[in-house]
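Please look over the sequence and the structure shown below before reading on. The briefing that follows takes the chain as a whole first and then turns to particular residues.

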Amino acid sequence: MPSVPFNQNTAASHTVVAAPGVGRFVNLESFDLVCATANTLTIKSGSTVIWGPASFGNNGGISKDGAAIPCNSNEALVFTLGSGAQVGGSVQYSIGGLGS
């Protein structure tokens, strides 16, 4: 299963996995994240919210195995942070569609 690091410190939307192409979709399988200070995380398919927002305190985090959160067809997996606090971890995903 593909895995990508996540290491951001700006209050913005961050593309974690690019849109996979027509007829395909990103499936968020699991993620582990730790926030240095208080922050909010919203997970999106493109610009559509698919999970959250979830708030985390200082040194808070989440480990979500078996998440199975699908994005819409041909949309990027995006994490939006509510503050400029450091957030780091990893994201595991799969690509579905087109006979998969």
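**An overview of the chain**

The protein chain has nine strands and zero helices, and this is a predicted model. Read from the N terminus, its elements run β-β-β-β-β-β-β-β-β. The radius of gyration is 13 Å, close to the 13 Å that the globule rule gives for 100 residues, so the chain is as compact as a globular protein of that length.

**Extent, surface and contacts**

- Along its principal axes, the C-alpha trace of the protein chain spans about 45 × 25 × 20 Å.
- Of the 100 residues in the protein chain, 38% are buried, and the accessible surface comes to about 4800 Å², with 52% of that surface belonging to carbon and sulfur atoms.
- Among the contacts between residues at least 6 apart in sequence, 79% join residues at least 24 apart.

- Strand E4, which covers residues 39–45, and strand E5, which covers residues 48–56, run antiparallel and are joined by six bridges.
- Within this pairing, Leu 41 stands opposite Ala 54 in E5.
- Two residues lie between the strands of the hairpin, where Gly 46 takes a positive phi near 65 degrees.
- Pro 53 also has its place in strand E5, and the peptide bond that joins Gly 52 to Pro 53 is cis, with an omega of about 10 degrees.

- Most residues other than glycine have a negative phi, and most peptide bonds are trans.
- Ala 68 is a residue other than glycine with a positive phi, near 50 degrees, and it is found in the loop between strand E6 (61–64) and strand E7 (69–70).
- Asn 74 is not a glycine either, yet it has a positive phi of about 55 degrees, and its place is in the loop between E7 and E8.
- The relative accessible area of Asn 74 is 33%, so this residue is partly exposed.

- Asn 27 lies in strand E3, which covers residues 24–35, and it is buried because its relative accessible area is 13%, under the cut-off of 20%.
- The side chain of Asn 27 makes a polar contact of 2.9 Å with the side chain of Glu 29.
- Not counting residues up to four places away in sequence, Asn 27 touches Ala 68, Ile 69, Pro 70, Gln 92, Tyr 93 and Ser 94.
- Gln 92 is found in strand E9, which covers residues 87–97, and at 15% relative accessibility this residue counts as buried.
- The side chains of Gln 92 and Ser 90 are joined by a polar contact of 3.1 Å.
- Leaving aside neighbours within four places in sequence, Gln 92 is in contact with several residues, including Met 1, Pro 2, Ser 3, Asn 27, Leu 28 and Glu 29.

**Gly 84, a loop residue**

- Gly 84 is found in the loop between strand E8 (77–81) and E9, and with a relative accessible area of 46% it is partly exposed.
- Not counting residues up to four places away in sequence, Gly 84 touches Asn 9, Thr 10 and Ala 11.
- Although Gly 84 and Thr 40 are 44 residues apart along the chain, their C-alpha atoms are separated by 10.0 Å.

**The cysteines**

- How many disulfides does the structure hold? The structure holds zero disulfides.

Notes
Residues numbered from 1 in each chain as written. Predicted model: local features only at pLDDT ≥ 70, side-chain atom pairs only at ≥ 80, totals over all residues. Heavy atoms only, no water. Disulfide = S-S within 2.5 Å. Pairing = 2+ DSSP bridges. Helix = DSSP H or I, 4+ residues; strand = E, 2+ residues; numbered from the N terminus. Buried < 20%, exposed > 50% of the residue type's maximum accessible area, 1.4 Å probe, protein only. Polar contact = N/O pair within 3.5 Å; in protein donor to acceptor, adjacent residues only side chain to side chain. Contact = heavy atoms within 4.5 Å. Rg over C-alpha atoms; globule rule 2.2 N^0.38 Å. Areas by Shrake-Rupley, 256 points an atom, 1.4 Å probe, with all protein chains shown as cover.
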